[in-house]
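Hello,

Here is the structure we talked about. Please open it and keep it beside this email as you read.

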Amino acid sequence: MSRTAPGVIIAGTGSYTPSRIVTNEELSTSVETSDEWISSRTGIRERRLADDGEVTSTMGAKAGKAAMESANLKPEQIDLIVVATLSPDMTFPSTASLIQHQLGLRMVTSFDISAACSGFIYALEVVSNMMRSGAYHHALVIGSEKISPILDWSDRGTCVLFGDGAGAVVLTKTEDITCGVIDSYTGNDGSRPELLCLPGGGSAIPTSMESLAHREHYLKMNGREIFKIAVRWMEQSAIIMLERHGLSPEDISLIIPHQANLRIIDALARSIKIPREKFFVNLDRYGNTSAASIPIALHEARQKDCIQSGDYVLLVAFGAGLTWGSTLIKWH
Ligand code: ACO
């Protein structure tokens, strides 16, 4: 990257989560599980579930509107919109395209990124580098998920883990290259897609009576394997970013991990030796909202004054693919 390329700051944040709260106790009335099992294995106590009228695009539009307001920008000032999601409204057109219209944006570049729970990190990398080309001034980057319709509510090993919601940031070009989104790292190992996937409904297994009977239109996960790989690659993603920039764990003021499981976060804290108090955690209230989890947490961290000017903030994610990544931000 050229030293003369413009910098990119996070000029605004926003989030939207559905009003319907489903506690572990409530879940245990329809699934064979318990609050004790879910909270002790995952840290999750409740999640938000979207109503029938709410979909990935409408939740993403609400988060995006909030982010534009927080950046004091009008819709006509946005010249790029990218949405990270694994639960698009439909296979095509993109959810970004639908949100563009809902928010009344100009006819600007719009596309989705498919990297599951790492999608927001992938989007930050793609969008910040597009902006460094100089062609864009303000970009809306949204992570939005309505995961509840793709969960198998008879599979207690997965349905208790996830929730719906959306988070967003506005990225703005700046001449100051010493702060903002400093760098991103992303990676992928495509050799084991079956560990976490939604097998049906695509070109490999088109929707049919048979695919529906085999419940292939629902998310499938090997939780134990995912757990081990998640810890390893989140650790690597954090270490690579610290080493690239000559930073030590003490230099990081706040780390915002993908909000999947408290035990993954605890293991990550131990392995990279960043004190657990520096990890922002809200998965107890939302569960795993996939690509939305980091932007929702980032917005809450700002609302709670957990981020000050000059702070190094590290985002770290892991997801289906298998994908992973990290983003280093020096807050402006
Ligand atoms: N309630 C009660 N019992 C349950 C539940 C439940 N909700 N789910 C599973 N069990 C039972 C199993 O049936 C099994 O019973 P058995 O021993 O009689 O066969 C027992 O609990 C142990 O099951 P495991 O799956 O081995 O439980 P584990 O300790 O591995 O915990 C968990 C499962 C929480 C899913 C864990 O593996 C995990 O967190 N994995 C990571 C998953 C994750 O975070 N995925 C998302 C990351 S990527 C992304 O965000 C898209």
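This is a predicted model: local features need pLDDT of at least 70, side-chain atom pairs count only at pLDDT 80 or more; totals for chains, interfaces and linings use all residues.

**The whole protein**

The protein has 332 residues, and its radius of gyration is 19 Å. A compact globule of that length would come out near 20 Å, so the value agrees with a compact globule. The C-alpha trace spans about 55 × 45 × 35 Å along its principal axes.

The secondary structure comes to 11 helices and 13 strands. Look at the contacts between residues at least 6 apart in sequence: 76% of them join residues at least 24 apart.

Of the 332 residues, 54% are buried. The protein exposes about 14000 Å². Carbon and sulfur atoms supply 51% of that area.

Now the charges. There are 30 positive side chains and 37 negative ones. The centres of these two sets lie 2 Å apart.

**Helix α5**

Find residues 119–132. They form helix α5, which has 14 residues. From its first C-alpha to its last it reaches 20 Å, close to the 20 Å expected at 1.5 Å a residue.

Is α5 mostly covered or mostly uncovered? It is mostly covered, with 10 of its 14 residues buried. Among the buried ones are F120, I121, Y122 and L124. V127 and M131 are buried too, and so is R132.

After α5 comes G134. The phi of G134 is positive, near 95 degrees.

Best wishes

Notes
Residues are numbered from 1 along each chain as its sequence is written. Side-chain values use heavy atoms; hydrogens and water are left out. Helices (H or I, at least four residues) and strands (E, at least two) are DSSP runs, numbered from the N terminus. The radius of gyration is taken over C-alpha atoms; the globule rule is 2.2 Å times the number of residues to the power 0.38. Buried means under 20% relative accessible area, exposed over 50%, partly exposed in between (1.4 Å probe, protein chains only). Contact means heavy atoms within 4.5 Å. Accessible areas come from the Shrake-Rupley method with a 1.4 Å probe; for residues, only the protein chains shown count as cover. Lys and Arg count as positive and Asp and Glu as negative; His and the chain ends are not counted. The place of a charge is taken as NZ of Lys, CZ of Arg, CG of Asp or CD of Glu. The expected span of a helix is 1.5 Å times one less than its number of residues.
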